[in-house]
Amino acid sequence: TAEQHEAFMSLPADHLVWVSEVMKWSAECRYYVREGKLLGYGRYDDGPDDWPEPPIDFVQQVIDVYESQNLNTPIAYSLDIGMLDWGEPALVEVNDAWALGFYKGTLSDKDYIEMLYDRWQQLISTR
């Protein structure tokens, strides 16, 4: 938008900006994780149902790396992982459970509520 362009152009010349190539995604899924365990997942893209989803071993690798490399890993979070149009899986983003959207059919209501509860408890007990 014009507003975003104006905001970008008003940044100081020495302001660091990260830029990447344009990525084209096919299938994209949200994976719900609590205490390092995958609770459920679901696709949320508009692509055909027969497009391949990210391999579960790749998802587990992302969980393992995130949990082991991040000293402040939230107790509950989601991973959005997709398939690039050339067939390679990649992490799109990590979402903290305190502000996590719930996609119908991805996991039980109970698991979702427990994720939110556990994360809020973690936030209010950490000072």
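This note sets out numbered points on a predicted model.

1. Aromatic pairs. The structure contains four aromatic pairs. In one of them, the ring centres of Tyr 31 and Tyr 41 are 5.1 Å apart and the planes meet at 15°, so this pair is stacked. Tyr 31 belongs to strand E1 (residues 25–34) and Tyr 41 to strand E2 (residues 37–43), so the pair ties together parts that are ten residues apart in sequence. The two partners may also be described by their accessibility: Tyr 31 counts as buried, at 1% relative accessibility, whereas Tyr 41 counts as partly exposed, at 36%.

2. A pair between two loops. The rings of Tyr 44 and Tyr 103 have centres 5.1 Å apart and planes at 5°, so this pair is stacked. Tyr 44 is found in the loop between E2 and helix H2 (56–69), and Tyr 103 in the loop between strand E4 (89–96) and helix H3 (109–125), so the contact ties together parts that are 59 residues apart in sequence. Tyr 44 counts as partly exposed at 24% relative accessibility, and Tyr 103 counts as partly exposed at 31%.

3. The largest nonpolar core. In soluble globular proteins, nonpolar side chains tend to be buried together. Here the largest nonpolar core has ten residues, among them Cys 29, Tyr 31, Val 33, Ile 63 and Leu 79. The elements that give two or more residues to this core are E1, H2 and strand E3 (76–84). Helix H2 supplies the largest share, four residues. Cys 29, one member of the core, is in contact with residues beyond its neighbours within four places in sequence, including Tyr 41, Tyr 44, Pro 54 and Ile 81.

4. Salt bridges around Arg 34. The count of salt bridges comes to six. Glu 114 forms one with Arg 34, and their closest N and O atoms are 3.4 Å apart. Glu 114 lies in helix H3 and Arg 34 in strand E1, so the bridge ties together parts that are 80 residues apart in sequence. Glu 114 counts as partly exposed, at 25% relative accessibility, while Arg 34 is buried, with a relative accessible area of 18%. Asp 118 also forms a salt bridge with Arg 34, the closest N and O atoms being 2.5 Å apart. This second pair links distant parts of the chain, with Asp 118 in helix H3 and Arg 34 in strand E1, 84 residues apart. Both Asp 118 and Arg 34 are buried. Arg 34, Glu 114 and Asp 118 are joined with Lys 110 in a network of salt bridges.

5. A salt bridge at Arg 43. Arg 43 forms a salt bridge with Asp 45, and the closest N and O atoms are 2.7 Å apart. Arg 43 counts as partly exposed, at 22% relative accessibility.

6. Backbone at Glu 35. Most residues other than glycine have a negative phi, and most peptide bonds are trans. Glu 35 is not a glycine, yet its phi is positive, at about 50°. Glu 35 is placed in the loop between E1 and E2. At 48% relative accessibility, Glu 35 counts as partly exposed, since a residue must be over 50% to count as exposed.

Note on methods. Residues numbered from 1 in each chain as written. Predicted model: local features only at pLDDT ≥ 70, side-chain atom pairs only at ≥ 80, totals over all residues. Heavy atoms only, no water. Phe/Tyr/Trp six-rings, centres within 6.5 Å; stacked < 30°, edge-to-face > 60°. Buried < 20%, exposed > 50% of the residue type's maximum accessible area, 1.4 Å probe, protein only. Core = buried A, V, L, I, M, F, W, Y, C linked by side-chain atoms within 4.5 Å. Contact = heavy atoms within 4.5 Å. Salt bridge = Lys/Arg side-chain N within 4 Å of Asp/Glu carboxyl O.
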